[in-house]
Amino acid sequence: MFEGLIKQMKKLQETSVSVPVNTDEEGYLDRECPSKECLFQFKIHEDDWKNICKDEAIYCPLCGHSAPSTSWWTKEQLEAAKEQALGVVKAAINQGLADGARSFNRKMNGGFIKMTMSVSGRPKYYNIIPVSAQEAMKLKIQCGECFTRFAVVGSAFFCPACMHNSIDRTFDDSMKKVATKIDNIPAVMKALEQVSGRDEATLTCRSLLETGISDCVVAFQKMMESLYLKKSGKAKVQANTFQRIDDGSKLWQELCGESYESWIGADRLKTMILLFQKRHILAHGEGFVDDKYVQKTGDDRYKVGQRVVIRDSDVLELLDCVKTIVAHARKVQARNEEVL
Ligand SMILES: [Zn+2]
Ligand SMILES: [Zn+2]
């Protein structure tokens, strides 16, 4: 009576259920970083996944983790595939039971007592439904090296196909991040005030502002160093040169005859030096003014031992200075490439 079921089970052992995965309306596939620390979800254009990416290694755009191409299913895709496979198994079991009932009924036919068996109400066939894609992501990126197209929410550092890390894009993303932080401070303040009270809301927002200054300094340092190395052809410069405004400016002056001062003017440069120094004492002295700060900046608004105050206008001003200098340095660097 159970031969039908056993036959179906055997058949199942030999079949693999393949579940198609759909792309979104723009042709992008959903992927997820398999590193347990990260699990970042992103999208990659299906054509580039097939034609550019290599089976042996795909890279996470956020953390750079690498794994073979078979490890990048999203949890939603795995769940949906499991559900589809289960549907196929259930249908096979139902089919096996129905076959068994049919042969039972055949054998019982014509006996003294009539017995029939039926398996009802359960599907005996299962149509696999492709796994649907998640909503398209707005931020589309194309790798400058291998031209792979991928999409993320927020920002990304690495190309999933070749792990190229674009310093230019990272800089632009950092600038956007700082501006967004400042923009969102009133909303964060309001939301936190309701949840955790005014003290904690103020502390968090102060910290957000202060990190805005250090984000600008770090992004500026990396970008200016990269542009300088490209243009000068040098392999490296002394560590942290571009964290020191005077030293960095001097290098550009020697290289192309233009300095930071020529790009943003003396007054703004002075403000920039002041904010770079404030970042230094926030990072290394918990924000308390020391002799060195007073000497270097000539800022007489503070006495030694006081704590610096960062306002949103400070961060926005620094953001603007940093962006202007980088824009000039990019122009100089591009000029260099044309000559070459
Ligand atoms: Zn990752
Ligand atoms: Zn690439």
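A: Helix α1, residues 3-14, has 12 residues and reaches 17 Å from its first C-alpha to its last, close to the 16 Å expected at 1.5 Å a residue. That expected span is 1.5 Å times one less than the number of residues in the helix. Helices here are DSSP runs of H or I with at least four residues, strands are runs of E with at least two, and both are numbered from the N terminus. This is a predicted model, in which local features need pLDDT of at least 70 and side-chain atom pairs count only at pLDDT 80 or more, while totals for chains, interfaces and linings use all residues. Residues are numbered from 1 along each chain as its sequence is written, and chains are lettered from A and ligands numbered from 1 in the order in which they are written.

Now to the wider chain. It is divided into domain 1 (3-152) and domain 2 (167-339), with bounds from an automatic or database domain assignment. Their centres, taken over C-alpha atoms, are 49 Å apart.

Helix α5 (198-232) has 35 residues and reaches 51 Å between its end C-alpha atoms, close to the 51 Å expected. Just after α5, Gly233 takes a positive phi of about 80°.

The largest nonpolar core has 36 residues, and those touching the most other members are Cys216, Phe220, Met224, Met272, Leu318, Val322 and Val326. Such a core is a set of buried Ala, Val, Leu, Ile, Met, Phe, Trp, Tyr and Cys residues joined through C-beta atoms within 7 Å. At least two residues of this core come from each of α4 (167-196), α5, α6 (245-256), α7 (260-264), α8 (266-284) and α10 (312-339). Its largest share, 9 residues, is supplied by α5. Leaving aside neighbours within four places in sequence, Leu318 is in contact with Ile213, Cys216, Met272 and Leu275; contact means C-beta atoms, placed from the backbone, within 7 Å. A second, separate core of 20 residues includes Leu29, Phe42, Tyr59 and Ala156.

Finally, the strands. Four of them form an open sheet in the order β1-β2-β6-β5, with antiparallel pairing, and two strands pair if DSSP finds at least two bridges between them. The edge strands are β1 (28-32) and β5 (139-142). Strand β1 is joined to β2 (41-45) by 5 bridges, and Arg31 has Phe42 in β2 as its bridge partner.

Note on methods
A residue is buried if 20 or more other C-beta atoms lie within 10 Å of its own, exposed if 12 or fewer, and partly exposed in between; C-beta atoms are placed from the backbone. Two residues are in contact if their C-beta atoms, placed from the backbone, lie within 7 Å.
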